[in-house]
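Subject: Structure handover

Hi,

Here is the structure I promised you. Please open it first, then read my notes below.

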Amino acid sequence: MNYQHFVSPQTQYYHLPMQFELEGGEVLTGVQVAYRTWGKLNLEGDNGMLICHALTGSADADDWWEGLLGSKKALDSDRNFIVCSNILGSCYGTTGATSINPQTGIRYGGSFPAITIRDMVHLQAALIKYLEIKSLQLVIGGSLGGMQVLEWALLYPEIVQAIAPIATSGRHSAWCIGLSEAQRQAIYADPNWLGGDYTPEQPPNQGLAVARMMAMSAYRSWQTFTERFGREYDASADQFAIASYLQHHGQKLVQRFDANTYITLTQAMDSHDIAQGQDYKSVLQSIKQPALVVAIDSDILYPPIEQQELADLIPHAQLGLLKSIYGHDAFLIDIEALNELVINFQQSSGIM
């Protein structure tokens, strides 16, 4: 399936002029990065901001974070040059499993190599250099995007002035790894999976849909489902309304996302550990930038205890609490409240 029609016409593309070596030792050639920008870079090159998207997101941050991006908002395109790139391994324009392998002339499919969060960040850094951005006033993102934010602070401290990791952790918990593995097993169990070598005409849609249903159950909260659905019965489908809701979201994802991509990115999330064999506490304490660590009080996927730990260990961090019934997805739903948290942080940190 071609996912190009899900990519905005405003998308630009950067073609890496050299080979790109992954943490695991594999080397990619002909790497392409899809990205969007808003605003203008100043002469000093120091008014940059970077948005890092989540698992099934894209570079089109004006679609999914419209409430944060624009004039007078936290990500103010009147003052800043704002960049959002589609991450390595995704299917929305940046090199990933759906891309053509220049070495073979066919799609990578199941042969696309394992990648890490650091690989994603290193590729973003190549884009930032190409765009001649000398300084990023803020790097911000939620969930998988928040993992990238933390790595940015550690890998490129000379560029990053402040960070805002949202609804994320410094290392993936057993809870998150277990949920991700269950989702992957649903995809593997689909008879069309074929070890990742399925055809675009017969992808493992049922497995991916079930994986999305599992994920949606963790993205929301008990209160959300109870208040919205209760024990309401969908007579037209002869099942509970919550079942119809989850099936709907499963089918929506298979129309716009690739199963191999889902496997690649969830495995990268599971490997996420900013310490990488070092002392975890010391690594967090080495982050010197001002940080806004945002927790969502109803998040069961990345519970607030994980963000509290980040805020306690990062020296110049403050904890922002997003009060919401919407669970993990609140950072994409309660945008007005999140926008206010980020603006207050910018003002208190002097980075506006």
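Start with Asn 80. Asn 80 sits in the loop between helix H1 (61-64) and strand S6 (81-85). Helices (H or I, at least four residues) and strands (E, at least two) are DSSP runs, numbered from the N terminus.

A word on the source. This is a predicted model, where local features need pLDDT of at least 70, side-chain atom pairs count only at pLDDT 80 or more, and totals for chains, interfaces and linings use all residues. Residues are numbered from 1 along each chain as its sequence is written, and side-chain values use heavy atoms, with hydrogens and water left out.

Back to Asn 80. Is Asn 80 buried or exposed? Asn 80 counts as buried, at 0% relative accessibility. (Buried means under 20% relative accessible area, exposed over 50%, partly exposed in between, with a 1.4 Å probe and protein chains only.) The Asn 80 side chain reaches the backbone oxygen of Asn 47 at 3.1 Å. Asn 80 also makes a side-chain to side-chain polar contact with Gln 137, at 3.0 Å. (A polar contact is a pair of N or O atoms within 3.5 Å; within protein, one must be able to donate a hydrogen and the other to accept it, and residues adjacent in sequence count only if both atoms are side-chain atoms.)

Next, Tyr 13. Tyr 13 lies in strand S1 (residues 12-15). At 28% relative accessibility, Tyr 13 is partly exposed. The side chain of Tyr 13 has a polar contact with the side chain of Gln 4 (2.7 Å). Leaving out residues up to four places away in sequence, Tyr 13 touches Gln 4, Val 7, Gln 32, Val 33, Ala 34, Tyr 35 and Gly 93. Contact here means heavy atoms within 4.5 Å.

Now the cysteines. Cys 84 is buried, at 0% relative accessible area. For Cys 176, the closest cysteine sulfur is again in Cys 52, but 18 Å away, too far for a bond. Cys 176 is buried too, at 2% relative accessibility.

Cys 176 also belongs to a helix pair. Residues of H4 including Cys 176, Ile 177 and Ser 180 meet residues of H8, among them Ala 259, Tyr 262 and Ile 263.

Best wishes

Methods: Disulfide = S-S within 2.5 Å.
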